[in-house]
Amino acid sequence: MLNWALLIFVLFGNLWFWYVFNIDRYTGLILSLASFFFWLVINHPKKRYFIFLVISFFLLIVQQWEATEKSLLNFRDNDDIRIQTQRMREYPPLNFSFNGKTYWIPAAYWLEQKYDWTLALKRLEDNLFQNLDINQYFFAGHPLERWGYKEFEKFPFILLPFFLIGLFNLSCQKLINRNLLLFLIPLFIFTYTGNKNVYGPISFYPLFMVSIYQGVILLLKSVKNFRPRIKYLILLLLFFIGSLIFIQSIIYEFF
Amino acid sequence: MSFFKALKKFELFFLILIINLGIFLRFYNLSTIPLGLYTDEALFGYNAYSILQTGKDEYGKPFPVFFRSLGDYQMPLYSYLSVPVIYFFGLSIFSARVVAAISGVLGILLIYLILKQLPIYKNKKIPLIGAFLFAITPWSIYFSRAGFETNLGLCMLMVAVYLFLLAKKSLFFFLPACIILSLSTYSYSAERLIAYLLLPLLVTLFISREKFKFLKQKITLCSIFIFILIQIPNFYISATPAFKVRPMALFYKQAIDNQAEKMSGFILKPVSVTLAFVREFSSQFSAYFSPRNLFFNDTSERDRSMPEQPLFFFWLVIPYLVGSMSIFKNWRNCHIQFLFILMFVFAVVPSLTKDPFASSRALPLLLPLSIVITIGVDKLISSGYRKIIFMFSTVLLIISAVLFWRSYFILYPNERAKIHQYGYGQLVEEIKKRPDDKFIIDQSRLKPSYIELVFLMKYPPKLLQQQVDQSIKENYYTNINFNPEYRFANVETRNIQLGIDSFTKAVLVGDEYAISPEQAARHKLTKIFEIKDPIGNIIFQGYETSR
């Protein structure tokens with residue numbers, strides 16, 4: 001009973017879910033299903049739950065893909081072209097001599113122009129590390145908000161320690177570890193396409209949800225053997241502080 | 001057993017090779033890259049020169065505890081350590097940077113020694129790998145190649161950490177550890193708080209292992225006493241505005257007030273202020289461990305970063321994540337707890353400042369993060385895919401080396417020259433060409449120019465001391481207001497007033513916005529020189545008046 005209550009609280013008790021649900025209820029539904037099936041697979045590992053998970057997770061990735069503004073990795077706007085032209089001039093002439101002959105090294109061309117690989121690499125890194133930035137999920141990107149993106153509150157920051165503990169706990173369990181590899185798929189996909197979409201990185205929502213759930217469960221287990229008074233005091237305090245922080249998140253988002 | 005006997009010969013050979021690589025990366029073209037002379041470098045260098053020549057700082061204060069500088073009261077150790085350097089090499093850009101470069105090289109040896117004392121890895125070559133990664137880390141190289149006191153602070157913290165680790169085996173080392181930790185508070189502002197947080201936490205860790213037997217030892221009490229003794233100058237200054245001016249300017253009080261204001265209609269003010277502070281602090285704290293900020297972003301501090309070069313090479317995110325999981329797994333290990341203490345304390349200080357990711361203030365984090373990455377490397381090497389990992393890392397290393405060369409030796413000198421105060425060397429040449437002309441350097445948008453000019457002109461400190469406001473000496477630690485208007489040699493630094501200055505015989509110098517072509521025409525000014533940075537941005541324009 002407690003587990004179900006906790007699941008509902010973690011699944012629906014954050015701004016991110018309602019933000020997505022508000023924009024598109026269908027996406028919100030897929031989000032909740034994928035998260036629920038991921039929770040099921042972790043807590044009750046059965047083959048049919050895994051199949052449901054794969055289907056709902058696939059649909060979730062498709063929703064994020066559809067909503068994402070895709071751009072070529074080596075696309076250059078006017079400012080990029082200006083910088084490229086300027087940088088081509090910054091390189092000194094490089095050469096070496098061998099056997100009496102001088103060989104010129106076209107470093108500027110290789111590094112700034114040919115295949116635009118340095119620009120593409122920079123964009124790939126940018127896309128990858130945006131998804132790995134913990135502040136994006138718990139502090140709306142603060143203090144380094146991304147330029148050109150609408151940052152919004154996702155999870156209240158009080159859930160960050162629970163997320164870290166829960167994720168760590170999940171990754172230590174070998175069986176579950178394999179399920180976590182599922183999230184490499186959207187990580188690779190959206191490293192390539194970029195992350196500009198209205199929903200945020202919703203493909204990772206199930207991971208966050210289940211990790212936070214695990215973290216809360218671990219906390220409850222750890223206080224289980226405390227004296228009742230102390231146990232209830234800790235839980236009451238956490239509930240009180242958590243509520244205040246949740247209200248804070250709402251105020252920051254809507255006021 | 002002596003240090004050298006304890007080392008296997010090949011390990012010593014590779015260590016020397018790595019240190020030589022570190023020396024090359026930190027000393028190669030030190031006086032020309034970065035281009036220009038940053039204000040802080042000029043302040044440290046010139047005050048050291050002044051101490052050497054007169055025993056007083058630029059304001060005439062004999063051997064100050066803090067250097068007043070621009071009213072921000074810099075820590076003194078960097079300047080004092082630069083005195084012998086300037087004695088041997090003379091006042092130059094090179095001599096202003098040498099202390100930071102030497103600190104960077106020492107850091108390579110220190111991380112090797114620290115890793116040797118931490119038995120938290122399987123592979124015996126890990127200390128060498130850790131030293132190698134430290135030697136090539138862009139974050140370390142960057143701060144070793146400019147006169148930033150933060151690198152000296154890091155070096156001293158690393159020495160203290162190493163001595164604390166030795167103290168676990170022999171309590172004798174606790175004394176020098178406390179001495180170095182206490183002295184580090186005079187190297188950089190952040191270390192003042194770091195030392196006060198670190199010492200009690202490390203003592204607590206010792207007590208938890210050794211119980212109270214540790215505290216009863218005479219050497220422990222003596223060490224803590226000496227730590228406090230060395231802090232007396234800090235205590236003396238703490239009652240003055242000089243102690244608080246920098247921290248108060250950096251704290252995010254305004255952000256907290258704005259956030260609390262948003263919540264004031266719903267939550268009581270004391271609660272809303274507390275919540276706002278906790279959120280701001282937590283967001284800043286977690287930003288210092290975020291892979292995005294460590295392995296991707298060139299930081300938001302454009303004067304403390306390289307174009308398109310993050311603090312660590314991007315592919316080190318994998319050992320970073322692996323290492324992080326590993327240390328969480330072994331959190332009960334006392335050495336891992338030691339590492340946690342370092343990470344916590346070193347991240348607390350920059351988390352209290354308003355800059356979104358202050359790579360200079362967070363430089364002490366380079367130590368524990370390098371250790372975490374090295375632990376991750378150890379885990380990967382031990383995973384059984386050694387050959388594949390070796391192959392991939394070699395390829396990635398080559399790519400990173402090329403990209404680092406591009407970023408630091410090509411893009412950085414060109415694109416950040418203006419930010420690094422390039423142009424003053426050429427301006428001094430123009431001043432020397434016209435010794436009879438009065439030069440008025442506009443201060444409305446430029447950082448205080450006087451210090452760059454007196455440094456590059458090697459202006460006699462005794463004369464400068466006579467020309468500053470003499471009351472500053474008397475109220476050295478209480479008068480925090482800084483006036484950028486100076487008059488020395490044939491130079492005046494102040495805001496240009498075209499309506500008055502165009503009627504005197506002078507050369508008016510300012511940035512590209514100081515005097516527009518229309519104003520020049522109206523006031524009959526003749527442009528006599530223009531100083532540009534390597535990519536063609538105007539840094540200074542010099543106009544001669546017609547009178």
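A nonpolar core here is a set of buried Ala, Val, Leu, Ile, Met, Phe, Trp, Tyr and Cys residues joined through side-chain atoms within 4.5 Å, where buried means under 20% relative accessible area (1.4 Å probe, protein chains only). This is a predicted model, so local features need pLDDT of at least 70 and side-chain atom pairs count only at pLDDT 80 or more, while totals for chains, interfaces and linings use all residues. Residues are numbered from 1 along each chain as written, chains are lettered from A in the order written, and side-chain values use heavy atoms, without hydrogens and water.

**Exercise 1.** Find which residues touch the most other members of the largest nonpolar core.

*Solution.* Start with the 169 residues of that core: Phe138(A), Trp139(B) and Leu367(B) come out on top. Next, look at helix α8 (149-167) of chain B, a DSSP run of H or I with at least four residues; its 12 residues are the largest share of the core. Then pick Trp139(B): its contacts (heavy atoms within 4.5 Å) include Leu294(B), Phe312(B) and Leu366(B).

**Exercise 2.** Work out how much area chain A and chain B bury between them.

*Solution.* Take the accessible area (1.4 Å probe) that the two parts lose on being put together, summed over both. That gives about 3800 Å², 69% of it on carbon and sulfur atoms. On the chain A side, Phe129(A), Leu144(A) and Tyr252(A) lose the most, together 18% of what that side buries.

**Exercise 3.** Count the salt bridges across this interface.

*Solution.* Look for a side-chain nitrogen of Lys or Arg within 4 Å of a carboxyl oxygen of Asp or Glu. The rule finds six between chain A and chain B. Asp133(A) and Arg292(B) also meet in a salt bridge, at 3.2 Å from N to O.

Note on methods. Buried means under 20% relative accessible area, exposed over 50%, partly exposed in between (1.4 Å probe, protein chains only). Helices (H or I, at least four residues) and strands (E, at least two) are DSSP runs, numbered from the N terminus. Lists of a residue's contacts leave out its neighbours within four places in sequence.
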